[in-house]
Amino acid sequence: MTRSIRAMYFSPTGTTQKIITGIAGTISKHFAQETHTIDFTLPEERMKPISFSRDDIVIIGVPVYAGRVPNVLLKYLTSIMGNDALAIAVVLYGNRNYDDALIELRDILNNNGFKVIAGGAFIGEHSFSKTLAQNRPDEKDMNIVEDFANQIINKMRTSNELQTVNVKGNQPYRNYYKPINKEGIPVDIRKVTPKTNDRCLDCKLCVTVCPMGSIDPEDVTKLKGICIKCGACIKKCPSEAKYYDDQDYLRHKQELELEFSSRNEPELFL
Ligand SMILES: Cc1cc2nc3c(=O)[nH]c(=O)nc-3n(C[C@H](O)[C@H](O)[C@H](O)COP(=O)(O)O)c2cc1C
C-alpha cells in the first residue's frame with residue numbers, strides 16, 4: 001500500500017521539529033513520497049480540525065513538559081482522528097528525563113484510533129537553558145534518527161500484522177514533575193512571565209513565535225494570555241531582549257544545568 005507521509009509537531013524552540021523532519025525525510029525518500037507537514041506550534045493551526053485515514057503514516061512529536069505531554073496541547077491532541085492511520089510517537093526532552101510523556105502520547109494516539117507502531121525519546125537543548133544539552137539534537141542524534149527511520153521502514157515491510165508498540169513509562173502516569181526551592185519545597189513556576197530589557201527593538205518577532213499567542217502586539221512588554229515558559233521568545237529574540245528574573249525559576253534552571261550535565265542518549269521502541 002502506498003501511504004501518505006505526514007509530519008506533525010509542536011516545537012517552540014525547534015528541536016522537536018528537527019527530529020520529526022529527519023524521521024519523515026528518510027521515510028519519504030524510501031517510499032518516494034512527499035512529506036506533508038502540520039506544524040501545530042502556533043494557536044491558529046490548533047483551531048483546525050484534523051483527521052487521517054488508513055492510507056496515512058503520521059510521525060508526531062511534542063516536547064516533554066514536567067515529565068508529561070504539555071497539558072496545553074491535550075485538547076488539540078485528543079481531537080485528532082486517526083481512523084486506523086499508522087503513527088510514530090516521538091518526544092523531545094532536555095536531558096533530565098521524559099518520565100511518562102512517551103507512554104502518554106502513545107496512549108492518546110491509540111485512543112484516537114491510530115496504530116502506534118514505533119516510539120522514540122530524543123534529547124534537545126533544554127528550553128530553559130543555552131548550556132543544558134546544548135545544540136542537541138546534534139550529528140550523532142541525527143544518525144540515530146536515520147537508523148530509527150530505517151528500522152521503522154523495515155518493520156512496515158516485514159510484519160504481516162503491525163502491533164501497537166510497547167514504550168517505557170508508568171500507568172497510571174506520575175504527576176507533573178515539580179521543581180523545588182532551596183528549602184526543598186515544591187514551587188509553582190506557572191505564574192512566571194518573561195521580562196523585556198531595553199535592547200528590545202519592537203520588531204514583534206516574539207509576538208509571532210509565541211505558541212500561546214500571548215504577547216501583546218501593541219506593547220510587547222505585556223502579556224495578554226498565559227506563558228508556558230517554552231523559551232521561544234527568549235531564544236528567538238534577535239537582540240536578546242527577553243529574559244526571566246524569577247528566583248525560583250533561575251534556581252531550577254541552574255540546578256538542572258548542574259545535575260543533568262551528563263549526556264543521555266535517545267531511546268527507541270519498535
Ligand atoms: C515548561 C517546560 C517543562 C519542561 N520539562 C522537562 C522535563 O520534565 N524533562 C526534561 O528533560 N526536559 C524538560 N523540558 C525541556 C524540553 O522538553 C526540551 O528542551 C525540548 O527539546 C524542547 O522542545 P522544542 O525545541 O521543540 O521546543 C521542559 C521545557 C519546558 C518549557
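The UniProt annotation "domain: Flavodoxin-like", taken from an unreviewed entry, covers residues 5-153; UniProt positions are given in the numbering used here, feature names are shortened, and annotations may be inferred rather than shown by experiment. Residues are numbered from 1 along each chain as its sequence is written. The model is predicted: local features need pLDDT of at least 70, side-chain atom pairs count only at pLDDT 80 or more, and totals for chains, interfaces and linings use all residues. The span 5-153 is 33% helix and 23% strand, and its end C-alpha atoms lie 12 Å apart. Helices (H or I, at least four residues) and strands (E, at least two) are DSSP runs numbered from the N terminus.

An automatic or database domain assignment supplies the domain bounds. Domain 1 comprises 4-174 + 262-269, and domain 2 comprises 195-245. Their C-alpha centres lie 27 Å apart. The contact between them takes 9 residues from domain 1 and 9 residues from domain 2, where two residues are in contact if their C-beta atoms, placed from the backbone, lie within 7 Å. On the side of domain 1 that touches domain 2, 6 residues are nonpolar, 3 are polar and none is charged. In this division Ala, Val, Leu, Ile, Met, Phe, Trp, Tyr, Cys and Pro count as nonpolar, Asp, Glu, Lys and Arg as charged, and the others, Gly among them, as polar.

The largest nonpolar core has 55 residues, and those with the most contacts inside it are Ile23, Ile59, Ala87, Val90 and Val91. Such a core is a set of buried Ala, Val, Leu, Ile, Met, Phe, Trp, Tyr and Cys residues joined through C-beta atoms within 7 Å. A residue is buried if 20 or more other C-beta atoms, placed from the backbone, lie within 10 Å of its own, exposed if 12 or fewer, and partly exposed in between. Two or more residues of this core come from each of β1 (4-9), α1 (15-31), β3, β4, α3, β5 and α4 (139-158). The largest share, 8 residues, comes from β4. Leaving out residues up to four places away in sequence, Ala87 touches Val58, Ile60, Gly82, Leu109, Phe114, Lys115 and Val116. A second, separate core of 10 residues includes Cys206, Cys210, Ile215 and Cys233.

Helix α3 (residues 101-111) has 8 of its 11 residues buried, so it is largely enclosed by the rest of the structure. The buried residues of α3 pack against β3 (56-63), α2 (74-79), β4 (86-93) and β5 (115-123). Just after α3, Gly113 takes a positive phi of about 90°.

Positive phi also occurs at Asp84, a residue other than glycine, with a value near 75°. Asp84 lies in the loop between α2 and β4 and counts as exposed, with 12 C-beta neighbours inside 10 Å. In the loop between β5 and α4, Asn135 has a positive phi of about 60°. Pro137 is also found in the loop between β5 and α4, and the peptide bond from Arg136 to Pro137 is cis, with omega near 5°. A cis peptide bond likewise joins Gln171 and Pro172, with omega about 0°.

The ligand is surrounded by 26 residues, of which the closest are Thr16, Pro63, Gly94, Arg96 and Gly124; a residue is near a molecule if its C-beta atom, placed from the backbone, lies within 6 Å of it. This shell divides into 10 nonpolar, 13 polar and 3 charged residues. At least three residues of the shell come from each of domain 1 and domain 2.
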